[in-house]
Amino acid sequence: MVEQPSSRFHWPSGASAFAGTLGAGILDACLVFARSSGSRPFEVLALAAGLYGTAGLCLGAFVGWAVATAAAAIPGGWRALHENRELDGRAAAAVLGCAAAALVMAAGAGAAHGLFVAEMASRKLAVIATAGLTLAFCPVAALSGLTCARLVARRTRYLPAPRGLGATGLLLIAFAAAGVLAFVAALSRADWRVLDLGPLHSALVALLLAAGHGVFWYGLAPGQRLRARLPSRGLRVGVAVAVLALLALGSQIPDSSPSYAAITDASWGLRFALKLARHLTDRDHDGYSALFGGGDCDDSRADVFPGAEDIPGDGIDQDCQGGDAKPATANRDPAAASAQAAPARPGAFSGNILIIAIDALRADRLGVAGYRRPPGRSLTPTLDALAQRGTRFSHVWAQAPNTPRSFPSVVTSRYPSEIAWQKQSLNYSNLLPSNHTFFEPLAAAGLRPIGIFSHFFFTADRGLAKGFAEWSNDGAKSIADSNKDIPSPRIVPRVIARLRQAAQTGERFVLWTHLFEPHSSYMEHPEFPTSLSGVQGLEEKYDYEIAFADLWAGKIIATLEETKLDRNTAVVVFGDHGEAWGEHKRYFHGQDLTEEQLRVPLLVAVPGQKASVIDDEVGLIDLGPTLVDLVGATPLPSFHGRSLLPYIEGKPLSSRPIFAELLPSTATPSHEVTVIEGGKKLTHKISERRWELFDLANDPRQQKNLADQPAQRTQLDELRAKLLRFEERRRQD
């Protein structure tokens, strides 16, 4: 029997694809062993061989089918292309036609995404729109490909056809090289150093190993002789059975195993394979699987999963924490809260309040915190001067690591999970009218609430404007355009004009504004020229964005002095969240609850109060109650923060735990909750079924996880009990 051309290459190609993928998995497991301690070798190997091996089986089958199909489509096989110039020309024309069609599809999809899809807040609608627009471009792409193929087919004699490759082979190599160059160019524009390229490393290793496997077993004489002695059919079946058996064993590893943490921290592609396996085995589609350490204690019920709302007293452990939540001893109804006009207490502050929020401002970037860029120069002379005449809180945590969760938490004095959202899973969900802001009792106390912004998040219908007499958001850009916006030069003049008006009329006010600049993408400013590149250059631009915001904040402070408003105006400055610079392999913000993403500055300068530095642990959730207490107003029952006014007045306060949350959303599916108390920080990574304990007093950068150390067991249990009570209580009042 004559061997068909389609059968000459598909088995070797498929076998090499499988071998390369499995080999990459074994090397990834070795990487976990080398980079981490505490993992269990057999578990890591079982997961690596099972997941990579299964992927290799699927990839090998696909590659074999693709090679067989492509070879069968060529009359006489690949060799005929080298021998028949006319056939080679037709194949080359077909390749160019397919390339033209692909380019049209790519251009159309890119244009559609930029014009329509990128503005959509709903992921489901975005997926539907992308699919529909792609289908709409299919006829155009097909016609473009056919037209290109016909034009090229008439001129194939002009195409170079190297011996052994032909025009078709040369085009395929050229397109592959162009694809690699385009990929490299895309990475260079995105700055590859801030991207997690672990899966690409695994893919590259798999490709190299597959090439080596193919050359040795099918191209070199020693490999061919060895292959001839092996029972090929039995070997194929045995390897497939072994891979599937390891996959089954790996799926049963309990979620408490330290191997999962080691894989998350140290692997290249294995952590992504693990996430995919959990997604594919999630039977009730609640985002968690009962296999592969997914932690779902009942995969037949969509209302039972780690992080679910545990209804007290119903006998069901909805959040998979080992028992039903206990009923709360007392409930408070935030919907019943209302701001009632009340006489100010004796000695209350009778002046104005100016609030300046600076986006993505890390606590350690202030000059008074010791930061310098360039050496010997502070980025924040305005804020430094404010800190030296007011109260600086040096240990402040935001209650969320991103703007759409943090600001609502600040203005309502509630943790993100306690806020009534229109739809919590959205990246930028509106607040429902049942929420109340601390500006309501300030208004009841006689201050006129004024909001001056210019950012897409601060639209009046967002829900933050409740209680405001004036709210302006003129000149706000779209979500896409805001990332390259420089809004302070158009915001600050409006703030200055409104302050001068208030000085003339003598009205009492609380004015809130927001300076956006330190948020990525970072822009360059003539006042602060940059000189570095790469990640260091990004961080330099971030720092100088802070300096730029400080410069414009200085113009506002100067206006207070010019109009004599500084004599009776309390000034508050805070950051809504921090910014990561690789401390935990993360960049920017919104991905986790690490110190660099949560720690923010808080400055409160009240006329007549002495300057001080408070090192006790506080949260941004405390800002609203503090200002309400400052003016002697009645706090809302819905507040969950507490007043820090005793600190400002030089009086002590008892310590209490600070909590923060990363709620899952369309942008960040991870779910985390953390508690900070007494210099210790415990984070519950709910999505990963993982606990991390840190001693911030001795490890302020949060680098050494103490959760597995026996000496820390008592501390871990105490903080875990508090954190679990918070998780199960958080929506009850």
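Modeller: A residue counts as buried when its relative accessible area is under 20%, and as exposed when that area is over 50%.

Colleague: Happy to. Which residues of α11 are called buried?

Modeller: Within α11, residues 270–280, the buried ones are Leu 270, Arg 271, Leu 274, Ala 277 and Arg 278, so each of these has under 20% relative accessible area.

Colleague: What makes Lys 275, His 279 and Leu 280 exposed, and where do they sit?

Modeller: Their relative accessible area is over 50%, and they lie on the face of α11 turned away from its buried side.

Colleague: Let's turn to the second largest pocket. What kinds of residues line it?

Modeller: The lining has 14 nonpolar, seven polar and two charged residues. Trp 11, Ala 15, Phe 18, Tyr 218 and Arg 236 lie nearest the centre. By class, Trp, Ala, Phe and Tyr count as nonpolar and Arg as charged. The volume is about 690 Å³, and α1 gives the most to the lining, with seven residues.

Colleague: How confident is the predictor, and where is the pLDDT below 50?

Modeller: The mean pLDDT of the chain is 87, and 91% of its residues reach 70 or more. Where pLDDT is low, the predicted coordinates should not be read in detail.

Definitions and conventions:
Residues numbered from 1 in each chain as written. Predicted model: local features only at pLDDT ≥ 70, side-chain atom pairs only at ≥ 80, totals over all residues. Heavy atoms only, no water. 1 Å grid on protein atoms, 1.4 Å probe; cavity = no way out; pocket = protein on both sides within 12 Å on 5 of 7 lines; lining within 4 Å. Points joined across faces, edges and corners; volume = space filled by probe spheres on them. Helix = DSSP H or I, 4+ residues; strand = E, 2+ residues; numbered from the N terminus. Buried < 20%, exposed > 50% of the residue type's maximum accessible area, 1.4 Å probe, protein only. pLDDT = per-residue confidence, 0-100.
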